[in-house]
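Visitor: I would like to learn how to read a helix and a core. Please show me the structure.

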Amino acid sequence: MSLENNNIRLAIIGGGLAGLSLSILCAQKGVNVVLFEKGNYPSHKLCGEYVSLESWSFLTQALKIDRESHQLPHIKKLVVSSHTGKTLEAELPLGGFGISRYLLDQLLYQKALESGVKIHCNCSIQETSKQGPEFHLKDQDGQSYTADLCIGAQGKRSNIDKWLQRDFFIKSKEKNNYIAVKYHIQTTQEPDTIALHNFDDGYCGISKIEGQNTYCLCYLTTAKNLKRHGSIEQMEQDVLHKNPFLKKIFQESIFLWEKPLTISQINFSEKELIKNDIICIGDAAGMIQPLCGNGMSMAFHAAYMLSEKINNHLYNSNLQKIQQSFQKEWQATFTTRLKSARLIEKLFGKKWSTNIAISLLRKSPLLTKKIIQLTHGKDFFLQP
Ligand SMILES: Cc1cc2nc3c(=O)[nH]c(=O)nc-3n(C[C@H](O)[C@H](O)[C@H](O)COP(=O)(O)OP(=O)(O)OC[C@H]3O[C@@H](n4cnc5c(N)ncnc54)[C@H](O)[C@@H]3O)c2cc1C
């Protein structure tokens with residue numbers, strides 16, 4: 001397919017961080033962008049809400065998101081605790097900042113509208129097909145759309161993955177799935193610190209976001225763990241409270257929502273980057289373990305990489321070239337990170353291995369720094 005003029009029509013499935021960022025960057029270069037989001041803005045999303053500083057320049061310079069006016073906390077320290085309360089403290093080599101997804105997605109949504117992106121909210125894409133050079137999409141009401149390029153930014157797991165018969169969806173096994181739970185709380189933790197408290201078969205992150213004294217508490221555990229204990233409340237009492245830090249936080253903090261936000265069927269299997277000619281970005285391309293606190297930056301970085309390919313190739317290239325060059329760069333940038341994260345996660349979650357890891361890392365701040373760096377990149381907008 002030849003993209004001979006800048007009148008190309010780009011369709012993006014999913015208006016989370018990856019989809020919104022890509023839409024803004026392409027619209028700013030004159031591409032006709034239509035974005036489909038099955039939900040609405042603003043709304044809460046399940047996420048730990050700690051953003052690594054590697055996407056700082058991208059957000060402030062490329063997307064023009066203003067951190068100062070929202071008084072977002074700068075997070076520089078990490079505290080990890082084992083199931084029994086043994087702790088490790090470390091400086092974060094790069095650090096990050098806290099922002100709720102309620103605010104971040106809303107800021108990006110507004111920027112996308114200002115940039116001329118056409119956004120269909122409450123619009124779930126159910127089917128896609130390619131006929132000749134054109135992509136055809138159909139939403140839940142049977143409405144059809146055509147596009148020259150179609151990008152999948154549908155997040156970790158979506159109905160469209162089923163439609164596309166993606167391997168990770170077909171082969172996913174109930175027994176390997178995870179669930180996640182999130183609350184906003186008011187608590188007393190240092191605002192410049194992100195805490196990672198381990199418990200049997202899971203871990204819980206706590207870090208400051210915007211708003212006075214407001215923190216995000218988000219944990220990930222196996223679906224089996226929840227099944228074993230019957231309900232979230234029971235599991236928290238029986239399992240999470242065994243970690244003395246978590247027990248104190250659960251007992252002494254103010255929980256700001258009546259009910260937590262929950263999601264299930266999370267899995268970290270490898271995914272195809274391109275399926276039926278649709279290029280995937282963000283979690284739709286591959287999910288990093290949340291304990292690395294880096295999935296959002298990967299979503300931003302992949303959107304930036306792909307926007308460069310789309311915008312640079314507009315006048316003189318074709319779909320295959322965009323796909324090949326994106327795939328090569330994505331793999332070179334993220335494959336080691338994803339593999340390292342899988343290995344690191346194996347150290348935590350089990351009582352004995354967490355204790356050994358914490359004892360070892362306490363003796364070697366350099367090794368701790370190296371491990372954190374393995375799962376993170378540099379500021380990609382300044383140093384592409
Ligand atoms: C428990 C947990 C904690 C985490 N904590 C952190 C953290 O602290 N820091 C960090 O950097 N990362 C964290 N992550 C990862 C981070 O949340 C993701 O990497 C990030 O949200 C990926 O962005 P995305 O745009 O790919 O997906 P999303 O933000 O999930 O967006 C996908 C969008 O697609 C829409 N959609 C899906 N299907 C369709 C369809 N058929 N039609 C239209 N729209 C559709 C969805 O409604 C959604 O809005 C965490 C993840 C988990 C599970």
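Guide: Start with terms. Buried means under 20% relative accessible area, exposed over 50%, and partly exposed in between (1.4 Å probe, protein chains only). Helices (H or I, at least four residues) and strands (E, at least two) are DSSP runs, numbered from the N terminus. This is a predicted model: local features need pLDDT of at least 70, side-chain atom pairs count only at pLDDT 80 or more, and totals for chains, interfaces and linings use all residues. Residues are numbered from 1 along each chain as its sequence is written, and side-chain values use heavy atoms, without hydrogens and water.

Visitor: Which residues of helix H8 are buried?

Guide: An α-helix has 3.6 residues a turn, so residues three or four places apart point the same way. In H8 (residues 244-252), Leu246, Ile249 and Phe250 are buried. They lie on the same side of H8, because they cover an arc of only 95° around the axis, taken from the directions from the helix axis to the C-beta atoms. On the other side of H8, Gln251 and Glu252 are exposed.

Visitor: What covers the buried residues of H8?

Guide: The cover includes strands S11 (178-186) and S12 (193-199), and helix H7 (232-238).

Visitor: Which residues have the most contacts inside the largest nonpolar core?

Guide: Such a core is a set of buried Ala, Val, Leu, Ile, Met, Phe, Trp, Tyr and Cys residues joined through side-chain atoms within 4.5 Å. Here the largest has 99 residues, and Ile281 and Phe300 have the most contacts inside it. Helix H9 (residues 295-313) gives the most to this core, with 10 residues. Apart from it lies another core, of 18 residues, among them Val181 and Ile232.

Notes. Contact means heavy atoms within 4.5 Å.
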